[in-house]
Amino acid sequence: MKAAICYERNQPVRIEEVILDAPRRDEVRVRLAASGVCHSDLSFVHGILPGKLPCILGHEGAGTVEEVGEGVNRLAVGDKVVLSWVTPCFSCFYCRIGKPQLCEVGERINQTNRMPDGTSRAHQDGQELNVFSALGTMAESAVIPANAAIKLPDDAPLDKCALLGCAVMTGVGAVFNTAEVTLGSSVAVFGAGGVGLNAVQGAFLASAERIIAVDTQPKKLEMARTFGATHLIDASKVDPVESIRELTEKRGVDYAFEAIGRKETIEQAYAATRKAGTCVVIGLGSIKDSISLNVFMLPLMEKRLVGSWYGGANVHRDIPRLFALYRAGRLKLDELVTRTLSRRSAEARRAGDPHLLTRANQRGLRGDARGDERARGDRLLILPAIPRSERLESLLQRNILGP
Ligand SMILES: NC(=O)c1ccc[n+]([C@@H]2O[C@H](COP(=O)([O-])OP(=O)(O)OC[C@H]3O[C@@H](n4cnc5c(N)ncnc54)[C@H](O)[C@@H]3O)[C@@H](O)[C@H]2O)c1
Ligand SMILES: [Zn+2]
Ligand SMILES: [Zn+2]
C-alpha cells in the first residue's frame, strides 16, 4: 500500500510503497477513505512537533474496517469508523477520572508514534516506520489500536467524517467540554483555520451572542462568517485586543480561544479575555516558547487560562454525537472541505485528462458521474479549509502533482 512519509524535516513529503502487517491482538486494519491535513502535520514536518523519522503522516481520517485482530469484539469487517488520535485505554488514572483525552497510553503513543508496546505495523526495506499517533491516515490503509476506531452508522459519508477526527472534535469540543460556553455569552476565536472555524461553529451551536473571529487572511474571515462569526477582525490591519474591547464595552470577551499556536496570539487572547473570563489555548506552539503573565494582575483579574487537548473529548461519546448533529443538518462538515486531492487526479493532471482535472477540485468524489466503484479508495488526501496547510500542500504537491 502507499503512504505519505516524512523522511526529513522541511523536505517534500514522499508517497511511497509500505508493507503493512496484519492486525495483532486488540488492533484493526482500516481502509482509509480520506485524510485531512492538520496544522499539526505541518508542524511535525517543520520540526515544531518532535518525533522520530521516517514517519507516516496524518491523524485525521475515516475509513472502513477491513480486518480485525484477536480479541476485538466491538468492531467487525465493513464497519465505518473515524480514527481518534488519542487512543483511550479505558483503565488508566485519566480514563478513570473521565479525561480520556489525557489517557496515559494515548500519550505514550503520541510521544513515540508507535503502538503501545513500542512496535510498528508499517515497514519499508526491513525498517520499522513510525506512524503519526499510531494512525498514519495519509495512507491507503492503517493498522491501528482498536480503541482508536470510533464506529459510525453505515450511511456516514466517510470523506466528510474524516474531519471529525481532529479539527471538528478539537474546535467544537474546546467550546463545550473545556470552556463550557454558556448561552448569550461573548466569544473571540484567534485563528480561523480548520480548528478555529470549529471553535466558531461550536460557539454558534452554544448560542453565544457575539462571536468574534480574528485572522490575518480575509478569506479565512469570510469563511468564519459562514460558520457563525458575528464580527470579523483582520489582525494584520488592526490591534485585535483593542478591537475586541471596543466590541465588548471595553471589558473583553467572556471566552477567548487561541487556535494558532503562537506566543503572541496566546498573550493577545489572554489580554482580550474579560475579568473572571476564560482563555482557552488550543494552538500547539513550539516547546521552546513561553508566555509571560504579570504577577500583580494575575489574582486581580481572576481570569482562567486553560489548555484544551483534543477538545477535552471522550471520543467514543462525542464523535458519534457530532456525526448525529451533522446528519441533522446542524453541524457543518461539507463546507470545511474546499479542496480534494487524490492520487488518481494527481496522475490525471500529469496526463492532462480534463475530466479528472475538473474533478480534482471538486469536494469529494462520492456521487461522481463515474460512480463509486471508480472513486473508492483513490482519494488520498482531503485538504480542509483553505489555506489550512497550504504549505504542507505545497510540500506534497512537489511530489504527487509533479512540477
Ligand atoms: N490542542 C489540540 O488538541 C490541537 C488539535 C489540533 C490542532 N492543534 C493546533 O491548533 C492550531 C491550529 O490548527 P489548524 O489546523 O486550524 O491550523 P491552520 O493553519 O489551519 O489555522 C491557523 C490560522 O491562524 C491564522 N493566523 C496565523 N497567524 C495569525 C495571527 N498572528 N493572528 C491571527 N490569525 C493568525 C492563519 O491565517 C490560519 O487561518 C495548530 O497549532 C495545531 O497544531 C491543536
Ligand atoms: Zn490535528
Ligand atoms: Zn487511559
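Predicted model: local features only at pLDDT ≥ 70, side-chain atom pairs only at ≥ 80, totals over all residues.
## After helix H7

Residues are numbered from 1 along each chain as its sequence is written, and chains are lettered from A and ligands numbered from 1 in the order in which they are written.

H7 itself covers residues 218-226, and its buried residues are Lys220, Met223 and Ala224. Buried here means 20 or more other C-beta atoms within 10 Å of the residue's own, exposed means 12 or fewer, and partly exposed is in between, with C-beta atoms placed from the backbone. Looking down the axis of H7, the buried residues fall within an arc of 105°, so they line one face of the helix. That arc is taken from the directions from the helix axis to the C-beta atoms. Pro218 and Thr226 sit on the other side of H7 and are exposed. The cover over the buried residues includes H6, E14 and strand E15 (231-234); contact means C-beta atoms, placed from the backbone, within 7 Å.

## The chain overall

The chain has 15 helices and 20 strands. These are DSSP runs numbered from the N terminus: helices are H or I with at least four residues, strands are E with at least two. Of its 403 residues, 51% count as buried. Among contacts with a separation of 6 or more, residues 24 or more positions apart account for 71%.

## H3, another one-sided helix

Helix H3 (residues 104-112) has Val105, Gly106, Ile109 and Asn110 as its buried residues. Down the axis of H3 they fall within an arc of 135°, so they line one face of the helix. As background, an α-helix has 3.6 residues a turn, so residues three or four places apart point the same way. Asparagine 113 follows H3, and its phi is positive, near 55°.

## How H5 meets H6

Helix H5 (residues 167-179) packs with H6 at an angle of about 40°, their axes 7 Å apart. That makes H5 oblique to H6. Oblique is what remains once angles under 35 degrees (roughly parallel), over 145 (roughly antiparallel) and 65 to 115 (roughly perpendicular) are taken out. The axes are lines fitted to C-alpha atoms over the stretch in contact, and angles run from 0 to 180 degrees between N-to-C directions.

On the H5 side, the contact residues include Val168, Val172 and Phe176, and on the H6 side they include Val195, Leu197 and Leu205. The residues of this contact divide into 11 nonpolar, seven polar and no charged. In that tally, Ala, Val, Leu, Ile, Met, Phe, Trp, Tyr, Cys and Pro are nonpolar, Asp, Glu, Lys and Arg are charged, and the others, Gly among them, are polar.

## Loops worth a look

The peptide bond from leucine 53 to proline 54 is cis, with omega near -5°. Proline 54 is in the loop between helix H1 (39-46) and strand E5 (55-56).

Alanine 134 has a positive phi near 60° and lies in the loop between strand E10 (130-131) and strand E11 (141-145). Alanine 134 counts as buried because it has 29 C-beta neighbours inside 10 Å. Serine 207 also has a positive phi, near 60°, in the loop between helix H6 (194-205) and strand E14 (210-215). With 12 C-beta neighbours inside 10 Å, serine 207 counts as exposed.

How values were computed:
Contact = placed C-beta atoms within 7 Å.
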